[in-house]
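Here's a quick briefing to read with the model open beside you. Have a look at the picture, then work through the topics below.

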Amino acid sequence: MQMTPLRHIASINDLTNDEIAAVFDTAQSFLDTLGDPHFSHRIARGTELANGMMLATLFHEPSTRTRLSFESAMNRLGGRVITSADPATSSTAKGESLADSVRVVSNYADLIVIRHPCDGAARLAAEYAHIPVINGGDGAHEHPTQTLCDLFTLKKKNASLRGLNIAIAGDLRGSRTIHSFVYALARFGANLVLMPAKGLELPAHVDRRLRDEFRCTMAKPPAEAGETNVDALYITAKEPHQLSLIPEALDIHVKLTSRIDAVYVTRFQKEREPGRNYGAYPTVDAEFLKDAKYAKASVMHPLPRVGELAHALDSDARASYFEQASYGVPIRMALIAATLGLLKDKSLARFTGGFAPAKGAHYEDAARIGLRCRNPNCITHDPLEGSTTRNLFTLVPAPTSSKAVLRCHYCETDIETYVAAHKGDKKVHHDQEAIHNMTTKDLTQFVMFADDAAASEAGFA
Ligand code: NCD
């Protein structure tokens, strides 16, 4: 009998919009039966849905909300939890690879939730685990379950996510919560107003995906708009052909910034790039929110806050951050139930592939002689992983430019410049057009290199 692949959630894009809606329905039904989270003492009862099942939480980085709400969720579902919350007390400290750890833990539990400092660690764990893996935050890559809490908060306050104008401020470069959030907002038709601290703008590959894969049109605010803290505006088209109907930049600016429905801010992620220089960091406080466009804006933050969000706002009706955190338990209960197939009609089908898996040929260099991922924080560069990762990329066609990019399978960072060398004649092929159209089978004949010099060093001319 052929085994169907397990459903892992390493990225928010591993879930379809319908699946996200189903998770929200389940979460709401838990809220209805268990009590409103704002009165947490009322969540007195649990369920027995996960009776006999075990969740393993493997946290290689600090966490309060994510780990405890996952553990609370599993307990409230009637299941049990085993946890490794400090890599210094696990075999990681002895030099064990993540791949080996998850292979072993797969025999001890039914589901793994992992948090790790390297981008792409959840995807690596999913490759080696025999049970489903959920990403509880991997480096600067993604934090899909935080996004579910964020979207659920927005859904509770707005009839629809479509057409909402969401301002996103702070560290857009290093915040994994923001990366999952912007993909999801674009997919559900919200518009984005980006307000990064200077030097902490959205990574190039996230920007490219928003434009190329999630139907966003990006506009730089025009000088005459007089706004200095907005870096970019992304408008999401309802249908692809609407992209041609996008008005002039100033019109977009007026449309997107005259009414902001939510402001989402994060702390500077100092652990990602210690010592990184950046411009003035935004502080969301009464002064920031005094403009009329913020009159009805929900103020959101994944927490923890460390100065960029005023405590004085806690009593403001717009403050939504503790509400966001409060949905951690019902949302994660719903996700655990869906992943483990505990609710007959709301299970994640084990064979579907998520929202928008990059459609492109796969390239694999198991021998690792060629091109490495260029993201220094990618799990493929973790010395503990040694031979557990490969140089594994998807050749993603780029509709708005002529060049296809190579996207790392693990951390999803894109590489724009590379050359392909044939394994047979050992020659570097310069026909970019032909390379961009290669199939997975074609690619088995080639090794990718950063440039001609790297190919020549490896004996290809
Ligand atoms: C976030 C994280 O870990 O990425 N925290 C969380 O899970 N709510 C945000 C952060 O640490 O700044």
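In which loop is Lys-426 found? Lys-426 sits in the loop between β15 (419–422) and β16 (428–429), where helices (H or I, at least four residues) and strands (E, at least two) are DSSP runs numbered from the N terminus. Bear in mind that this is a predicted model: local features need pLDDT of at least 70, side-chain atom pairs count only at pLDDT 80 or more, and totals for chains, interfaces and linings use all residues. Residues are numbered from 1 along each chain as its sequence is written, and side-chain values use heavy atoms, with hydrogens and water left out.

- Lys-426 has a phi near 60°, a positive value in a residue other than glycine.
- Lys-426 counts as partly exposed because its relative accessible area is 39%; buried means under 20%, exposed over 50% and partly exposed in between (1.4 Å probe, protein chains only).
- Arg-215 also isn't a glycine, and its phi is positive, near 60°.
- You'll find Arg-215 in the loop between α7 (204–212) and β7 (216–219), and at 34% relative accessibility it counts as partly exposed.
- The peptide bond from Leu-303 to Pro-304 is cis, with omega near 10°.
- Pro-304 lies in the loop between β10 (298–300) and α9 (321–326).

**The ligand and its surroundings**

- Residues around the ligand (those with a heavy atom within 4 Å of it) include Arg-65, Thr-66, Arg-115, His-143, Gln-146 and Arg-176.
- Both partners of that cis bond, Leu-303 and Pro-304, are on the list of residues around the ligand too.
- For polar contacts, the cut-off is a pair of N or O atoms within 3.5 Å; within protein, one must be able to donate a hydrogen and the other to accept it, and residues adjacent in sequence count only if both atoms are side-chain atoms.
- A polar side-chain atom of Thr-66 is 2.9 Å from a ligand oxygen.
- An N or O atom in the Arg-267 side chain comes to 2.7 Å from an oxygen atom of the ligand.
- Pro-302 uses its backbone: one of its backbone N or O atoms lies 2.9 Å from a ligand nitrogen.
- Taken alone, the ligand exposes 320 Å², and the protein buries 95% of that (Shrake-Rupley areas with a 1.4 Å probe; for residues, only the protein chains shown count as cover).
- Which elements give two or more residues to the shell around the ligand? They are α2 (65–76) and α6 (176–187).

- Gln-146 belongs to helix α5 (residues 144–157).
- With a relative accessible area of 7%, Gln-146 is buried.
- Leaving aside neighbours within four places in sequence, Gln-146 is in contact (heavy atoms within 4.5 Å) with Thr-177, Tyr-264, Pro-302, Gln-324 and Arg-332.

- Helix α3 (residues 98–105) has Leu-98, Ala-99, Ser-101, Val-102 and Val-105 as its buried residues.
- Seen down the axis of α3, those buried residues fall within an arc of 165°, so they line one face of the helix; the arc is taken over the directions from the helix axis to the C-beta atoms.
- Among the elements covering the buried residues of α3 are β1 (54–59), β3 (111–116) and α4 (121–128).
- Why is α7 described as largely enclosed by the rest of the structure? Because 7 of its 9 residues are buried.
- The buried residues of α7 include His-205, Val-206, Arg-208 and Leu-210.
- Cover for the buried residues of α7 includes α6, β6 (191–196), β7, β8, β13 (405–408) and β14 (414–415).

**Cysteines**

- A disulfide is a covalent bond between the sulfur atoms of two cysteines.
- Here a disulfide is called when a pair of cysteine sulfur atoms lies within 2.5 Å, and by this rule the count comes to 0.
- Cys-118 is in no disulfide, and the nearest cysteine sulfur, on Cys-378, is 7.8 Å away.
- Cys-118 is buried at 11% relative accessibility.
- Cys-411 is in no disulfide either, with the nearest cysteine sulfur, that of Cys-373, 3.5 Å away.
- Cys-411 counts as buried, at 2% relative accessibility.

**Loop residues**

- Ala-223 sits in the loop between β7 and β8 (232–236), and counts as exposed at 75% relative accessibility.
- Gly-199 is in the loop between β6 and α7, and, leaving aside neighbours within four places in sequence, is in contact with Arg-173 and Arg-276.
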